[in-house]
Amino acid sequence: MALNQITPFIGAEFTGVTYEDFQQPELWNQFVEQLHQRELVVVRSIALTPQQQLELAARLGRPIPFVLDKYRHPEFEEIMISSNEVRDNKPIGIARVGNFWHQDSSFVANPAPYTLLHGIKVPSDSGHTLFANAADVYDRLPEEWKARIDGRKALHTVSKRLRIQAEHVGLSVAEFKAWIETKHPKVEHDLVKIDPDTGRKYLYGAPEYLDSVIGLDANDNAAFFALIDELIQAPQRVYTHEWSNNDLVAWKTQTTLHAVTDVEPGVDRTVHRISIELH
C-alpha cells in the first residue's frame, strides 16, 4: 500500500488497497483523516461490488437515496448511475452529469457533506473529472474582494442547470420560471465559511449554482462571478483525475469544486455515485 499527496493544493491518493484492507481500522481511519485534511481522496483500482461501495459509504455517514428513482441502481436505491450507455434502447443512467464547475447540491439548504464515486466503465482519454479546492480559491481572491464579501450571504439556485422535461412543453417562459421558483426555491448560504477540519476559510459558491451575492448590485455580481470562475479554472490550480476502471474517489462537497470533461463520441462511461449525509 502507498499513500501520496496528489498536488500541493488538493488530494491524496492510495494505491495497492483492497476492500478487505479497509476492514483494518488503522487504514480506514487514515482514509478518513486524508479526506478531512486534503478534501479529496483517490483510491486507485479498487474492485468493489455495489454493495461493498455502499458499505464503505455507510462508514462515512448515511447514504441517501437518489432523488430520481429511474436513475437509481436496480438493487441499491442509494446508488445513482451516471452513464451514457444505452441497453435495449434505454439509457441505464443519467448522462451529462456535472459537466460544469460546482459544489454538490449547494442549491439545497443542507447539502450532503460527502460524495463517493466508483468508476465502473471509464475511458482513460476523456470524461476526466477536474477538481479545485474552495479554500485555495478563497486564498487567491484579491484582498479588496475578500473585504467586500466578508460576512455576506449568497443565494444559490439550480435554475441555470434545469433541463426542460416533457411536462413543461407548452408553458410560457413566465410560467416555467414560476414553476422553478415553486419547485426549487433559492436558498441562502454564507458566502465565506470556515472548514471545521482544517480551520481554513473557503468560498462557498460557483457561478452555475449562484444567483447573486446579497448586497452587491448586478454589475458587481457579474464582475465577482467572472473573477471566481477564472480563479476556479486556473490550470495550475486544478487537478485532473484521469480515470481507470475501479477507481474510488471521495470528496467533501462543500470545500471541493469539480467538473466533468466531455466524453468522446461513441465512448461509454459509467460511474456509481453515492451522496452521504452525517448520521
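Predicted model: local features only at pLDDT ≥ 70, side-chain atom pairs only at ≥ 80, totals over all residues.
1. E85 sits in a loop. The loop runs between β5 (80–83) and β6 (86–87).

2. Is E85 buried or exposed? Its relative accessible area is 6%. Buried means under 20%, so E85 counts as buried.

3. Now the neighbours of E85.

4. Which residue makes a polar contact with the side chain of E85? The partner is T270, through its own side chain. The contact spans 2.5 Å.

5. Look next at V267. Along the chain, E85 and V267 are 182 residues apart.

6. Turn to a sheet elsewhere in the model. Strands of a sheet pair through backbone hydrogen bonds, either parallel or antiparallel. Here three strands form an open sheet, and the pairing is antiparallel. The order is β11-β10-β14.

7. Which strands are at the edges? They are β11 (187–190) and β14 (210–213). Each of these pairs on one side only. From one strand to the next, the twist averages 30 degrees.

8. Consider one pairing in detail. Strand β10 covers residues 153–156. β10 and β14 pair over three bridges, in the antiparallel sense. What stands opposite H156 in β14? That residue is L210.

Note on methods. Residues numbered from 1 in each chain as written. Heavy atoms only, no water. Pairing = 2+ DSSP bridges. Helix = DSSP H or I, 4+ residues; strand = E, 2+ residues; numbered from the N terminus. Axes fitted to C-alpha atoms, helices over the stretch in contact; angles between N-to-C directions. Buried < 20%, exposed > 50% of the residue type's maximum accessible area, 1.4 Å probe, protein only. Polar contact = N/O pair within 3.5 Å; in protein donor to acceptor, adjacent residues only side chain to side chain.
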